[in-house]
Amino acid sequence: MDTPTASQIHQFYARQSHLIDSGRAREWADTFTPDGEFHSPTYPEPVIGSAALADFAAGFHRRAAEQGEVHRHVITNVWVRSDEETPFDGAIVEAYLQVLATTVGGSTRVLRMTTLTDHLVVSKGRWSVARREVRRDDSPA
Amino acid sequence: MDTPTASQIHQFYARQSHLIDSGRAREWADTFTPDGEFHSPTYPEPVIGSAALADFAAGFHRRAAEQGEVHRHVITNVWVRSDEETPFDGAIVEAYLQVLATTVGGSTRVLRMTTLTDHLVVSKGRWSVARREVRRDDSPA
Amino acid sequence: MDTPTASQIHQFYARQSHLIDSGRAREWADTFTPDGEFHSPTYPEPVIGSAALADFAAGFHRRAAEQGEVHRHVITNVWVRSDEETPFDGAIVEAYLQVLATTVGGSTRVLRMTTLTDHLVVSKGRWSVARREVRRDDSPA
């Protein structure tokens, strides 16, 4: 994995968080492949495909607003793994994701600390998530 | 926006935070254009121009020290927007900025969660902020 | 310092944190030179050399697990200094390092806020830490 690609991938993650946190649900869904998968213990079932992903993102933003809060996906430690063969034409990325919650008129707290393992592929000429697996630090492994 | 430029911009933000947090107020002010503007709801008025920006940065550092605290500008999710035309020869960047406060001998807390929208231009041969707009997550939009 | 190198160094830090936080102690130690040095006020003595560094990393991970916690090294504001001569063939990097702790079944807190000053060199064909100095924001300077 050469470094210009790593730089593109950093931009990909920065943009993706801004999209979901500002309620641009359709644009967030389009950062996945059309049949992209999102697996997270925070939610009862995997979210699969563009329409379901857009609904999921809209719900994330709406629930925070209903609680009088702003939620942010803070991405750090984006590691584009080049130390292993990928079983597909793309990249495996591991990253840390903190979800921060701020009460309007109040204070900020870390809502949860998670890690991402993403399978990224090039779809429609740009990096896209084919599969995301979220792990929560507060859940037993 | 090609990726080497995105990498330069990441370095720009990393350096800028180190400068203000360590009290190098003049050097922080020089990361803006000579007539650069800083707009934030945390402060009563915009701060405009190198001399005012240097005073502002010195005050930020001095007030934290007077409170027996160390404050840090933690920048994440730096998104160099290439999806829109800029009305100037430069780049629009959106980023997350957490201000963390640590009490000497005590604990660390998130003081505030904010987002930046910056207009960056090349001035004196390097990236500089022409205009910064800060939004606070704890303030109604 | 050209920007491809800065991008490589970002990848270096992302990977390094994943290694220690997931208990890959030997691999973490190998991100230092064979006689690499780790200096931190959190620990009574400097840790020097591959074997001692691997023991240190294993202990970090084991103690967190014994407390029923997951600890994470969140690296931000990675500044590859190009504004000064290095007294060696390498790079000086300053970065912010938050250590976050999550209780299994509980909440997440910032355990400590620190800054790193690293001397990086190329060893065995890749970036490696020759010397790390950690400063804690909660300690008087």
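B:Arg132 forms a salt bridge with B:Asp118, with 2.8 Å between the closest N and O atoms. B:Arg132 sits in strand β6 (residues 126-136) of chain B and B:Asp118 in strand β5 (residues 108-123) of chain B, so the pair ties together parts that are 14 residues apart in sequence. The model is predicted. Over all chains, a search of the whole structure finds 23 salt bridges. This briefing covers some of them, then two interfaces and the relation between two copies.

**Salt bridges inside chain B**

- B:Arg132 counts as buried because its relative accessibility is 5%, where the cut-off for buried is under 20%.
- B:Asp118, the partner of B:Arg132, is also buried, because its relative accessible area is 0%.
- A second bridge joins the side chains of B:Glu133 and B:Arg131, at 2.8 Å from N to O.
- B:Glu133 has 22% relative accessibility, so this residue counts as partly exposed.
- B:Arg131 has 30% relative accessibility and therefore also counts as partly exposed.
- Side chains of opposite charge can pair when their charged atoms come close.

**Salt bridge between chain C and chain A**

- C:Arg72 and A:Asp137 meet through their side chains in a salt bridge of 2.8 Å, N to O.
- C:Arg72 lies in strand β3 (residues 69-81) of chain C, and A:Asp137 lies in the segment after β6 (126-136) of chain A, so this pair joins two chains.
- Both partners, C:Arg72 and A:Asp137, are buried.
- The rule finds 1 salt bridge across the interface of chain C and chain A.

**Interface of chain C and chain A**

- Chain C puts 24 residues into the contact, and chain A puts in 22 residues.
- About 1900 Å² is buried between chain C and chain A, with 55% of that area from carbon and sulfur atoms.
- C:Gln11, C:His18 and C:Arg72 supply 31% of the area that chain C buries against chain A, more than any other three residues.
- Between chain C and chain A, 12 residue pairs are in polar contact, both residues at pLDDT 80 or more.
- On the side of chain C that touches chain A, the elements giving two or more residues are α1 (3-21), β3 and β4 (90-103) of chain C.
- α1(C) provides the largest share of that side, 10 residues.
- By class, the side of chain C that touches chain A has 8 nonpolar, 12 polar and 4 charged residues.

**Interface of chain B and chain C**

- The contact draws 24 residues from chain B and 22 residues from chain C.
- Chain B and chain C bury about 1900 Å² between them, and 55% of this is on carbon and sulfur atoms.
- In chain B, the residues that lose the most area to chain C are B:Gln11, B:His18 and B:Arg72, together 31% of what that side buries.
- The count between chain B and chain C is 1 salt bridge.
- C:Asp137 forms a salt bridge with B:Arg72, and the closest N and O atoms are 2.8 Å apart.
- There are 11 residue pairs in polar contact between chain B and chain C, both residues at pLDDT 80 or more.
- α1 (3-21), β3 (69-81) and β4 (90-103) of chain B are the elements that give two or more residues to the side of chain B that touches chain C.
- α1(B) gives the most to that side, with 10 residues.
- The side of chain B that touches chain C has, by class, 8 nonpolar, 12 polar and 4 charged residues.

**Relation of chain B to chain C**

- Chain B superposes on chain C by a rotation of 120 degrees, with 0.0 Å of shift along its axis and an RMSD of 0.0 Å.
- That is the relation of a three-fold axis.
- The copies use different surfaces, as 8% of the contact residues of chain B recur in chain C.

Conventions
Residues numbered from 1 in each chain as written. Chains lettered and ligands numbered in written order. Predicted model: local features only at pLDDT ≥ 70, side-chain atom pairs only at ≥ 80, totals over all residues. Heavy atoms only, no water. Salt bridge = Lys/Arg side-chain N within 4 Å of Asp/Glu carboxyl O. Helix = DSSP H or I, 4+ residues; strand = E, 2+ residues; numbered from the N terminus. Buried < 20%, exposed > 50% of the residue type's maximum accessible area, 1.4 Å probe, protein only. Contact = heavy atoms within 4.5 Å. Buried area = accessible area lost by both parts, 1.4 Å probe. Polar contact = N/O pair within 3.5 Å; in protein donor to acceptor, adjacent residues only side chain to side chain. Nonpolar A, V, L, I, M, F, W, Y, C, P; charged D, E, K, R; others polar. Least-squares fit on C-alpha atoms with pLDDT ≥ 70 in both.
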